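Subject: Structure handover

Hello,

The structure is below for your files.

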Amino acid sequence: MPDKPRLTDLPEWTALQAHANALRSASLRDLFARDPVRGERLTTEACGWYLDYSKNRLTDDTLRLLVALAQAQGLAPAIAAMFRGDAINATENRAVLHTALRNRATTPVLVDGKDVMPGINQVLDRMAAFTRQVRAGAWLGYTGKPIRAIVNIGIGGSDLGPVMAYEALRLYSARNLIVRFVSNVDGAHFHEQTQDLDPAETLFIVASKTFTTQETMLNAATARAWCLRALQDPAAVARHFVAVSTAEAEVVKFGIDPANMFGFWDWVGGRYSLCSAIGLPVMLAIGPERFLELLDGFHAMDRHFAETPFERNLPVLLGLIGLWYNNFFGAETHALLPYSQYLSRFPAYFQQGDMESNGKSTDKQGRRVAWQTGPVIWGEPGTNGQHAFYQLLHQGTKLIPADFIGFTQPHADPRVRSHHAAFMANLVAQTEALAFGKTADEVRAEKTPEALVPFKTFEGNRPTNTLLAESLTPFSLGALIALYEHKIFVQGVLWDVYSFDQWGVQLGKVLAGKVLAELDAKAEPALKHDSSTNALIRRCRAGLR
Ligand code: F6P
């Protein structure tokens, strides 16, 4: 079979390149002047989310050409293959079915000829029953005290999603339950997150897809030792530890009763696992009903993604616009700027989501790609970011496309309702300033001394998307997360990379195991690394002794 044509050899790619060259000098000022309704036209809405993509350096032709590229790369069949449960994670020979986890319609989804929906719903029911017990104070610790604190031990996909969603949905959470997260193998994290807790009232969730991750296993062992030092009986583990994993044998080996285990499946990627039992701390915080609303939001966006023409499809549009800057304008990074303190961990969550998925340089045929793939994802909530790094967004030499995410309705607390106008004014103003800047003549017209004019001028033409929903609810959060998940999928398909493996994290893990043995060795080990690594190991050994 002849090799699949490379992305950059497609006529659709060449057409985009020519179009980009023609459009390179176009300014958003001109584009808006030419089309007075551009800001209403280049918008679309789905699942409660309004997307304004008019402040991008693109025209109707750009979108037409990008959609043509998506079609040429087989985006439509790729979407169908994912939802159908094909083994699209080919390097691990796995299906990719996080969409089944929130398939609230419960239509059958087959993996190896077996419907996975009954298993998914069974775990959800068990999670709900457990959650109700804990929240009602009926799940008692070993000494008979109800659970007051939940500590989730996990890392990466077994931490970032629950942390992000817990923070996002604090308004809906039970305030009498303390919910904490320990991820880092730095002992300081465990220390700080547990030093004020009583083991007799603490429940640990050990969350790990593989149940072999070094950081999680070490933190879990420390938690068990801490608990048993206080409670003095190994039987206490059954009342204070539950596991979330795909690896029952490993869970048992650790000493957790499988009756206290909430399972999921190898067709759920770690960074796409929030809707699986990995979401247990979120369910404990907000309750089963709200958790199902979160899944409803995910599901609504899944349906939108699977069923909507590309021209009006939110994840497809975000994916194509991102690719436009990444591949035709040399943009290296993409900023996620939520105007919501509750979404403070959203950029970090999608740092893993995006960078672990599309940070690849081998195409699906095993060849080195000849094009840029995943961007660096970063960001902080507004307005804090405005007082930190926005200077570079406005006047720096780099092109940084950014997504502004906000909510139109104020906070329910009457003491702070009046903040919202000021908050949203900032969001809107930033996108306006980035797009249209301020010309030298406009600066002069303010009677600015001539020497200062170049410093006070803003080139503008900095692209943004704006995403608005009415309020941050479990439903709108679910839809937003699914939107970004599918954006990543779209880009992975176009860049022709496998978005659902993560071989790039292996080498460091293996080497860390080797270095650990050298750090722990009683006798001075014969170090055979390079001179830098050898010297660092010797220095660390000295500190450890
Ligand atoms: O190191 C990367 C990674 O494998 C992620 O993909 C994953 O989310 C994380 O580690 C945690 O893995 P686990 O859930 O198996 O502990």
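A polar contact here is a pair of N or O atoms within 3.5 Å; within protein, one must be able to donate a hydrogen and the other to accept it, and residues adjacent in sequence count only if both atoms are side-chain atoms. This is a predicted model, where local features need pLDDT of at least 70 and side-chain atom pairs count only at pLDDT 80 or more, while totals for chains, interfaces and linings use all residues. Residues are numbered from 1 along each chain as its sequence is written, and side-chain values use heavy atoms, with hydrogens and water left out.

Ligand site

The side chain of Ser208 has an N or O atom 2.6 Å from an oxygen atom of the ligand. For Lys209 a backbone N or O atom is 2.7 Å from a ligand oxygen, and for Lys509 a side-chain N or O atom is 3.2 Å from one. On its own the ligand has 400 Å² of accessible area (Shrake-Rupley method, 1.4 Å probe), and the protein covers 87% of that.

Cysteines

The count of disulfides (pairs of cysteine sulfur atoms within 2.5 Å) is zero. Cys47 is in none, and the nearest cysteine sulfur, that of Cys275, is 14 Å away.

Regards
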